[in-house]
Protein chains: 2
Amino acid sequence: MTQHLPWTLARRAERMNPSVIREILKVTEQPGIISLAGGLPSPDTFPIEAMREATNRVLRDHPREALQYAASEGFAPLREWVAIEMAEQGLPVDPAQVLITTGSQQGLDLVGKVLIDPGSTVAVESPTYLGALQAFNPCEPDYVAVACDDDGPLVEGLAAARGARFLYALPNFQNPSGRCIGATRRDQLMEAARAMGLPVVEDNPYGELWFDGAPPAPLASRWAEGTVYLGSFSKVLAPGLRLGYVIAPKPLFPKLLQAKQAADLHTPGFNQRVVHEVIRGGFLHQHVPTIRARYKAQRDAMAASLQAHLPASCHWNTPQGGMFFWLTLPDGVDATALLPKAVALGMAYVPGAAFFADDARANTLRLSFVTVSPEQIDRGIRLLAQALETHAP
Amino acid sequence: MTQHLPWTLARRAERMNPSVIREILKVTEQPGIISLAGGLPSPDTFPIEAMREATNRVLRDHPREALQYAASEGFAPLREWVAIEMAEQGLPVDPAQVLITTGSQQGLDLVGKVLIDPGSTVAVESPTYLGALQAFNPCEPDYVAVACDDDGPLVEGLAAARGARFLYALPNFQNPSGRCIGATRRDQLMEAARAMGLPVVEDNPYGELWFDGAPPAPLASRWAEGTVYLGSFSKVLAPGLRLGYVIAPKPLFPKLLQAKQAADLHTPGFNQRVVHEVIRGGFLHQHVPTIRARYKAQRDAMAASLQAHLPASCHWNTPQGGMFFWLTLPDGVDATALLPKAVALGMAYVPGAAFFADDARANTLRLSFVTVSPEQIDRGIRLLAQALETHAP
């Protein structure tokens with residue numbers, strides 16, 4: 001317990017720390033720097049006109065309801081929309097299992113509160129989403145990293161997760177690795193998890209952002225009662241609305257709901273109604289393909305630049321969706337140590353070390369391709385190659 | 001740890017429970033029931049036209065910024081607005097001390113996470129705001145209730161709070177008691193708290209809703225480095241926007257910010273910009289007086305009805321602001337047992353027992369006067385008197 005007289009901090013506060021990425025972003029958001037470090041979707045994809053029309057309709061037709069306190073579960077028609085959408089993706093759910101959250105980050109906070117005791121174990125992928133570690137940390141878990149290859153967690157790696165409260169997995173175009181778990185691996189993993197009694201928390205912010213074909217059905221479709229599923233409108237509409245959802249097995253739902261009520265009473269009803277108004281007529285069926293096409297072109301540009309400029313000693317997989325390349329530098333090159341040189345040359349990325357719960361691989365880094373023009377991507381990768389060249393390992 | 005195979009719940013989840021009030025509201029929200037049980041502001045006060053204009057301006061002038069991820073601290077101009085507003089109320093603060101939250105309920109959640117260890121003590125008023133207990137419960141505190149009179153916590157009552165992590169107090173027109181702590185009592189309490197090294201968490205959702213004169217300056221103005229202050233836009237604009245703020249002493253701010261970031265990354269930027277657009281030209285100086293006038297007339301109506309219909313064996317104080325009367329029934333009358341009879345006659349209220357952290361006074365109840373017409377108030381109080389009359393204590 002730290003003392004800031006007269007305040008005594010809770011022990012869990014020791015596990016709260018500034019986001020490494022946000023700190024890096026502050027350093028790299030200088031004018032003139034080509035930043036491939038961001039994790040933001042492209043604002044060119046935000047459906048501003050649809051938002052304007054929807055807000056006007058909501059404030060014309062249901063202003064009092066939209067501005068009043070509302071149910072902690074969420075706006076019923078939006079919960080129904082989510083249930084229908086999930087069924088189309090292969091996961092039939094009852095709207096009563098859908099909890100609307102203030103972004104899917106809040107879903108992680110609620111899951112942590114309900115499932116993690118101090119000193120209990122949470123299994124994560126290697127690497128894993130940094131924001132999830134931040135959300136879980138105040139609950140003071142011990143982490144165990146499940147060994148992964150380019151297709152996701154290894155089935156034999158699950159042995160390390162025995163006794164964990166859950167496995168946290170991001171199967172579609174993972175942040176940071178960009179990888180997507182294939183159908184066969186999904187079958188194997190969920191069969192093994194079920195056999196071990198290892199629950200799964202499935203996080204899916206990027207699944208809709210596929211380039212060539214939709215990813216396989218959710219992990220949850222393979223073991224519904226053993227999986228909590230998190231979804232988000234941040235990447236298909238806009239993150240500034242902070243709208244996500246949790247789909248929970250029925251025995252878990254009441255506790256997640258009570259945690260939600262205690263956390264912020266409910267997600268802004270105004271935002272829920274506006275988003276429902278935007279999407280209820282099938283808007284996303286027209287809109288999301290435009291995001292896919294845009295991001296695919298950006299992905300292609302970065303793939304070409306990596307191929308053109310980086311030495312053969314670097315490795316990467318070309319992501320089939322999402323927003324990120326994951327780059328492995330030659331053994332012995334520390335991406336954190338390299339960053340200041342890259343920034344001095346005029347480009348920035350996120351070192352991969354922050355994305356590991358343990359046993360960080362220092363020679364990895366994350367590159368975002370969605371907010372920067374192909375020309376800037378090419379120049380940025382060129383500068384990265386130059387930084388690497390002049391860097392003594 | 002409860003088992004819902006394959007899930008193991010965290011111990012803290014045992015302290016999460018359905019809101020007693022929300023459960024009561026479900027029962028009493030039947031057609032034909034005059035509900036004085038609600039805690040909602042009157043939707044007639046929501047500035048719908050101003051909201052429509054502001055959303056259109058934000059989506060015209062800053063759509064990409066409003067819909068993108070944003071700073072966890074909050075929208076800088078809104079933080080500055082809060083700082084200026086607080087200075088006018090007698091609490092000079094730096095905008096860097098202002099953290100924008102998803103409703104002030106989230107402020108309570110963050111305060112709990114940063115300051116409460118399992119088994120540590122939190123001191124509360126008697127009665128106290130139920131939502132705060134719900135927010136703090138997952139952090140597993142022990143509560144100690146500070147003895148109160150009609151002017152708030154008794155200075156000599158603070159002895160019971162020695163060693164507590166903080167005293168949680170709602171000094172202005174408290175929910176549920178309606179009481180407002182006077183200037184002299186504020187001086188005495190804060191002097192004693194400072195002498196004891198007892199920090200204070202000051203919650204102020206209702207302070208602007210005064211009827212005859214503004215309440216005294218905040219508790220925080222008497223001991224800034226020992227007080228966390230929570231404010232809200234829910235009662236002066238609209239609760240469906242979920243917009244509140246925390247003002248923290250500088251040594252505490254970073255931990256609250258990190259907890260905020262982990263909880264939901266940031267409060268919806270769209271909502272922050274829209275609210276700032278509504279209020280930045282001084283809108284509240286015209287708007288809030290209309291809410292005051294409306295609520296004062298409603299307060300007068302309920303005061304007259306209580307005076308006219310209730311027996312002399314009942315006691316209440318006429319609130320000088322806010323939304324609630326707090327009624328003490330004759331000794332031995334249990335307001336929880338009386339409720340079904342009142343509902344059968346056609347009116348509803350909230351039994352007071354839920355608002356006590358310990359040692360509940362069963363013969364108390366809360367009446368809201370803001371969402372029901374004077375005619376309905378009169379009929380509701382008449383029915384309450386009738387229920388009391390036929391009730392065998």
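**View 1. The contact between chain A and chain B in the predicted model, which takes 85 residues from chain A and 85 residues from chain B.** Contact here means heavy atoms within 4.5 Å. The two chains bury about 7,300 Å² between them, 60% of it on carbon and sulfur atoms, where buried area is the accessible area (1.4 Å probe) that two parts lose on being put together, summed over both. Trp7(A), Leu67(A) and Tyr69(A) supply 11% of the area that chain A buries against chain B, more than any other three residues. This is a predicted model, in which local features need pLDDT of at least 70 and side-chain atom pairs count only at pLDDT 80 or more, while totals for chains, interfaces and linings use all residues. Residues are numbered from 1 along each chain as its sequence is written, chains are lettered from A and ligands numbered from 1 in the order in which they are written, and side-chain values use heavy atoms, with hydrogens and water left out.

**View 2. The axis that relates chain A to chain B.** With copies superposed by least squares on the C-alpha atoms of residues with pLDDT of at least 70 in both, chain A can be laid on chain B with an RMSD of 0.0 Å by a turn of 180° and a shift of 0.0 Å along the axis. That is the relation of a two-fold axis. In chain A, the C-alpha nearest the axis belongs to Thr55(A), at 3.7 Å from it. The same surface serves both copies, as 100% of the contact residues of chain A recur in chain B.

View 3. Four salt bridges are counted between the two chains, a salt bridge being a side-chain nitrogen of Lys or Arg within 4 Å of a carboxyl oxygen of Asp or Glu. In one pair, Asp109(B) meets Lys113(A) with the closest N and O atoms 2.7 Å apart.

**View 4. The salt bridge of Asp44(A) and Arg64(B).** The closest N and O atoms of Asp44(A) and Arg64(B) are 2.5 Å apart. Asp44(A) lies in the loop between strand E3 (34-35) and H2 of chain A and Arg64(B) in helix H3 (residues 63-67) of chain B, so the pair joins two chains. Helices (H or I, at least four residues) and strands (E, at least two) are DSSP runs, numbered from the N terminus.

**View 5. Domain 1 of chain A against domain 2 of chain A.** The domain assignment, automatic or from a database, gives domain 1 (3-46 + 285-389) and domain 2 (70-282) in chain A. Between these domains of chain A about 3,200 Å² is buried, 58% of it on carbon and sulfur atoms. On the side of domain 1 of chain A, Arg15(A), Arg292(A) and Phe355(A) lose the most area to domain 2 of chain A, together 22% of what that side buries. Three salt bridges are counted between the two domains of chain A.
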